[in-house]
Amino acid sequence: MPTSAGSAAPPVLVAGGTGFVGGIIARSLVADGRTVIVPARSADRLSALLAACADFSGRLVPLEVSGSHPHFQAAERLAADGRRPGAVVAALGGWSKTGALIDLPGEQWERALRDHLTSHLEAMQAYVPLLGGSVDPTYITLNGAAASEAMAGSGAISVTGAAQHMLTSVMRAEAIGATVRFHELSLTAAVAGDDRNLDPTSQITPSQITLAIDRLIGNPLAEAFGALYAERR
Ligand SMILES: NC(=O)c1ccc[n+]([C@@H]2O[C@H](COP(=O)([O-])OP(=O)(O)OC[C@H]3O[C@@H](n4cnc5c(N)ncnc54)[C@H](OP(=O)(O)O)[C@@H]3O)[C@@H](O)[C@H]2O)c1
């Protein structure tokens, strides 16, 4: 049953909604009565998300996109359909262990830059103009501990995470930051249920994430940068 925001609230676009963290956020918002737009490149992952939201039919709006600039394609289609989100949550990137940075092959570095950094800039460039008609335009990015802690063996994630943090800071400092609320929510530990996590000694729970996102979307006075910490077991 919808609890707080309800279906009258403007849609939320979840970029990366087919991913692990984005999926948690998309499913929770839909269950809470929000319409949620999820642009994604994988038809299979979109179908899985739709199936998980089957009880809330119609509120999950899947948008299959392709090519090397998927966010721009998604934004063009949304603008053409007159669909405008009131808030965007970007849970893009993920995690990988690639070995020592000194040995990282050029193509892996390029892929990390594209998936973990350029995809965030392009998502901002594509979706922020759609927030124009919103009462409280809000843009939230998810980040991880590697942004502020040098992760040996996952150096590209640390470098791009630090740059992603600065991306949000620059957006806040530039003119657009006066009209759109940019926020970053940093997850400083692995999220419970992610089977890619090989050492789950302490974890962040999905409900910590969804509560934090609800608070950011609903609070014009929310802090720019927030962090979630593991609940000890
Ligand atoms: N999972 C955790 O335990 C954990 C812990 C701490 C922090 N975080 C943070 O949470 C955020 C999301 O992580 P995650 O684990 O949910 O990642 P994930 O499961 O790997 O999902 C990443 C999402 O990003 C999309 N994506 C990747 N590259 C893209 C590109 N170039 N263009 C468009 N979309 C792209 C993927 O779409 P496709 O399906 O099309 O590839 C996918 O939907 C990251 O900032 C991460 O640092 C996660």
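**Helix packing and the ligand shell in a predicted model**

Q: At what angle do helix H4 and helix H5 pack, and are they roughly parallel or roughly perpendicular to each other?
A: In this predicted model, helix H4 (residues 106-127) and helix H5 (residues 155-173) pack with their axes 10 Å apart, at an angle of about 20 degrees. Angles under 35 degrees count as roughly parallel, and H4 and H5 are therefore, relative to each other, roughly parallel.

Q: Which classes of residue make up the contact of H4 with H5?
A: On the H4 side the contact includes Trp109, Leu113, His116 and Leu117, and these belong to a set that meets residues of H5, among them Ile157, Thr160, Gln164 and Leu167. When the residues of this contact are divided by class, there are no charged ones, and the rest are six polar and eleven nonpolar.

Q: At what angle do helix H3 and H4 pack, and which residues of H4 make the contact?
A: Helix H3 (residues 70-81) and H4 have axes 8 Å apart and pack at an angle of about 15 degrees, and they are therefore roughly parallel to each other. From H3 the contact takes His71, Phe72, Ala74 and Ala75, and from H4 it takes Glu122, Ala123, Ala126 and Tyr127.

Q: Is the crossing of H1 and H6 left-handed or right-handed?
A: H1 and helix H6 (residues 206-218) pack with their axes 10 Å apart, at an angle of about 60 degrees. Val21, Ile24, Ile25 and Ser28 of H1 make the contact with Pro206, Ile209, Thr210 and Ile213 of H6, a group that divides into six nonpolar, two polar and no charged residues. The crossing of these two helices, H1 and H6, is right-handed.

Q: Which helices and which strand each supply at least two residues of the shell around the ligand?
A: The ligand is surrounded by 27 residues, of which the closest are Gly19, Val21, Gly94, Asp115 and Gly144. By class, this shell holds eleven nonpolar, eleven polar and five charged residues. The elements that each supply at least two residues of the shell are helix H1 (20-31), H4 and strand E5 (138-144).

Q: What radius of gyration does the chain have?
A: The chain has six helices and nine strands, and its C-alpha atoms fill a box of roughly 50 × 40 × 40 Å along the principal axes. For 233 residues, a compact globule would have a radius of gyration near 17 Å, and the chain agrees with this, having 17 Å.

Key:
Residues numbered from 1 in each chain as written. Predicted model: local features only at pLDDT ≥ 70, side-chain atom pairs only at ≥ 80, totals over all residues. Axes fitted to C-alpha atoms, helices over the stretch in contact; angles between N-to-C directions. Helix = DSSP H or I, 4+ residues; strand = E, 2+ residues; numbered from the N terminus. Parallel < 35°, antiparallel > 145°, perpendicular 65-115°, else oblique. Contact = placed C-beta atoms within 7 Å. Nonpolar A, V, L, I, M, F, W, Y, C, P; charged D, E, K, R; others polar. Near = placed C-beta within 6 Å. Rg over C-alpha atoms; globule rule 2.2 N^0.38 Å. Left-handed = near helix turned anticlockwise from the far one by under 90°.
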